Amino acid sequence: MFANFDFDVIGRSLGYLFFDGMTFTLTLTGLSALGGLIFGTLIALMRLSGLKLLGHVAGLYVDLMRSLPLVLVIFWFYFLVPYIGQWLTGSSRPIHVGAFASSLITFIMFEAAYFSEIMRAGIQSISRGQPAAAQALGLTYSQAMRYVVLPQAFRNMLPVLLTQTIVLFQDTSLVYVVSITDFLGAASKVAQRDGRLVEMYLFAAVVYFAISCIASFGVRRLQSRIAFVH
Amino acid sequence: MNYHWNWRIFFDPAPSGTGTYLDMLLSGLLLTIETAICAWIIALALGSVVGVLRTLPSKTASWVGFAHVEFFRNMPLLVQLFVWFFVLPEILPRAWGLWLKQMPHAPFYTAAIGIGLFMSARVAEQTRAGINSLPRGQKLAATALGLTTAQTYRYVLLPMAFRIMMPPLTSEFLATIKNTSVALTIGLIELTAEARAMQEFSFQVFEAFTAATVLYLLVNIVVVTAMRFLERAIAVPGYITGK
């Protein structure tokens with residue numbers, strides 16, 4: 001079964017796979033998680049602000065993003081971002097946006113919807129006495145959020161946020177649909193060039209599996225430690 | 001913006017020769033729904049079994065369940081589909097591989113089975129959570145009544161667990177529908193692929209994607225509404241979500 005396997009092709013392309021591909025994947029994952037968390041927290045605060053219009057707009061955005069397949073959202077932003085850039089900069093034609101910037105914007109906007117639901121649950125899990133006490137101490141709304149509610153919400157939700165980041169890490173492989181060279185894109189390019197689909201796709205599967213497994217094992221350990229503190 | 005909107009494009013004949021662009025998108029929608037339903041049947045059947053395995057007292061059974069979930073959850077769906085579609089026919093014995101490659105509608109079967117297996121890991125986690133959320137007394141009472149383990153699951157645990165699981169299962173079904181779009185990479189011409197094809201033929205990129213977006217939203221609304229009715233119809237009076 002493995003007789004005509006050419007494992008050498010993996011060794012020959014390791015540099016390309018990891019320095020070009022995996023670097024792209026990990027940078028995209030990290031920055032999207034960070035951006036998604038920041039925007040997600042803002043969206044969650046909008047929804048919990050008690051201002052009807054703001055809450056509705058944020059709710060609509062989250063529902064829209066969560067009902068669409070990521071592949072379609074990637075296509076949307078891939079074509080839309082140059083026009084948004086044109087509108088923002090006032091230039092006469094759609095601006096050119098690089099592969100990395102385009103996919104980063106896509107994933108931040110998409111993940112913000114998912115992170116906002118996690119942060120919303122986190123903020124709601126804080127007992128009402130906490131913001132009330134903050135108010136009694138004379139903290140303003142933003143101070144209460146900044147120093148009292150959000151740090152606790154973030155801490156409580158850390159395992160869920162990290163699990164979502166692992167999902168995000170796997171989802172970044174979908175940039176394949178707009179021919180971007182992430183880890184899977186790199187593997188696929190080598191596979192097509194050398195006619196070695198079997199070896200490259202199996203190798204990609206093993207690498208994704210190993211990274212996700214180790215990461216989720218870490219999250220489980222973290223979760224049990226946090227649970228112990230409580 | 002120097003983009004030329006043309007909303008009447010949907011009624012222009014598509015170059016594929018099978019009708020208008022709208023027909024194209026609708027046939028994509030149909031394939032999306034068919035694939036999602038087939039994948040969901042696999043995910044629900046296999047996921048329930050694996051979820052039950054994880055709650056059994058037997059160490060082996062729960063380990064098998066654990067391994068299944070970890071295996072299918074820790075690889076991106078896209079990579080799994082590539083492995084089923086490109087790798088599997090090559091590593092099977094020659095005759096089987098040839099049969100797989102020559103099979104008509106290969107992208108459809110690969111997508112249905114691949115997405116079904118991928119989602120089964122998530123359904124299994126929901127099943128396990130559903131069963132574990134039941135009060136311990138239910139299982140103990142069933143044992144005290146002299147029911148076997150199989151009977152306990154069949155008559156006591158599962159009927160309650162599945163009712164509790166309805167809301168998360170609804171989101172998993174929606175996720176299954178959304179995940180069918182990943183199968184465009186192995187040549188399944190579902191809704192997103194049809195929208196992409198329409199964009200390539202007509203250059204009306206935003207109209208095409210808007211139409212696909214609206215269709216996905218409609219499917220979502222229909223599923224959520226139908227599941228809410230189902231939830232209400234099967235609710236146990238006086239219990240959790242009961243009337």
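The structure is a predicted model, in which local features need pLDDT of at least 70 and side-chain atom pairs count only at pLDDT 80 or more, while totals for chains, interfaces and linings use all residues. Residues are numbered from 1 along each chain as its sequence is written, and chains are lettered from A and ligands numbered from 1 in the order in which they are written.

Chain A contains 8 helices and 0 strands, where helices (H or I, at least four residues) and strands (E, at least two) are DSSP runs numbered from the N terminus. Its pattern along the sequence is α-α-α-α-α-α-α-α. The C-alpha trace of chain A spans about 75 × 55 × 25 Å along its principal axes. Of the 230 residues in chain A, 38% are buried; a residue is buried if 20 or more other C-beta atoms lie within 10 Å of its own, exposed if 12 or fewer, and partly exposed in between, with C-beta atoms placed from the backbone. Two residues are in contact if their C-beta atoms, placed from the backbone, lie within 7 Å. Among contacts in chain A between residues at least 6 apart in sequence, 73% join residues at least 24 apart.

Between the two chains, 30 residues of chain A are in contact with 29 residues of chain B. On the chain A side, helix 3 (70-89), helix 6 (141-171) and helix 8 (197-229) each supply at least two residues. Helix 8 of chain A gives the most, with 11 residues. This side of chain A has 23 nonpolar, 5 polar and 2 charged residues. Here Ala, Val, Leu, Ile, Met, Phe, Trp, Tyr, Cys and Pro count as nonpolar, Asp, Glu, Lys and Arg as charged, and the others, Gly among them, as polar.

Helix 3 of chain A packs with helix 10 (residues 205-234) of chain B at an angle of about 155°, and their axes are 11 Å apart. Axes are lines fitted to C-alpha atoms, for helices over the stretch in contact, and angles run from 0 to 180 degrees between N-to-C directions. Helix 3 of chain A and helix 10 of chain B are therefore roughly antiparallel; angles under 35 degrees count as roughly parallel, over 145 as roughly antiparallel, 65 to 115 as roughly perpendicular and the rest as oblique. In this packing, Leu72(A), Phe75(A), Trp76(A) and Phe79(A) meet Val205(B), Phe209(B), Ala212(B), Thr213(B) and Tyr216(B). The contact has 8 nonpolar, 1 polar and no charged residues.

Within chain B, the axes of helix 5 (residues 106-132) and helix 7 (residues 149-164) come within 8 Å and cross at roughly 115°. These two helices of chain B are therefore roughly perpendicular to each other. Thr127(B), Gly130(B) and Ile131(B) in helix 5 meet Leu157(B), Ala161(B), Phe162(B) and Ile164(B) in helix 7.

The largest nonpolar core has 115 residues, of which Ile74(A), Ala187(A), Tyr201(A), Ala204(A) and Val79(B) touch the most other members. Such a core is a set of buried Ala, Val, Leu, Ile, Met, Phe, Trp, Tyr and Cys residues joined through C-beta atoms within 7 Å.

Ala183(B) lies in the loop between helix 8 (166-179) and helix 9 (191-202) of chain B. Ala183(B) is buried, with 29 other C-beta atoms within 10 Å. From Ala183(B) to Ala111(B) the C-alpha separation is 5.8 Å, although 72 residues separate them in sequence.
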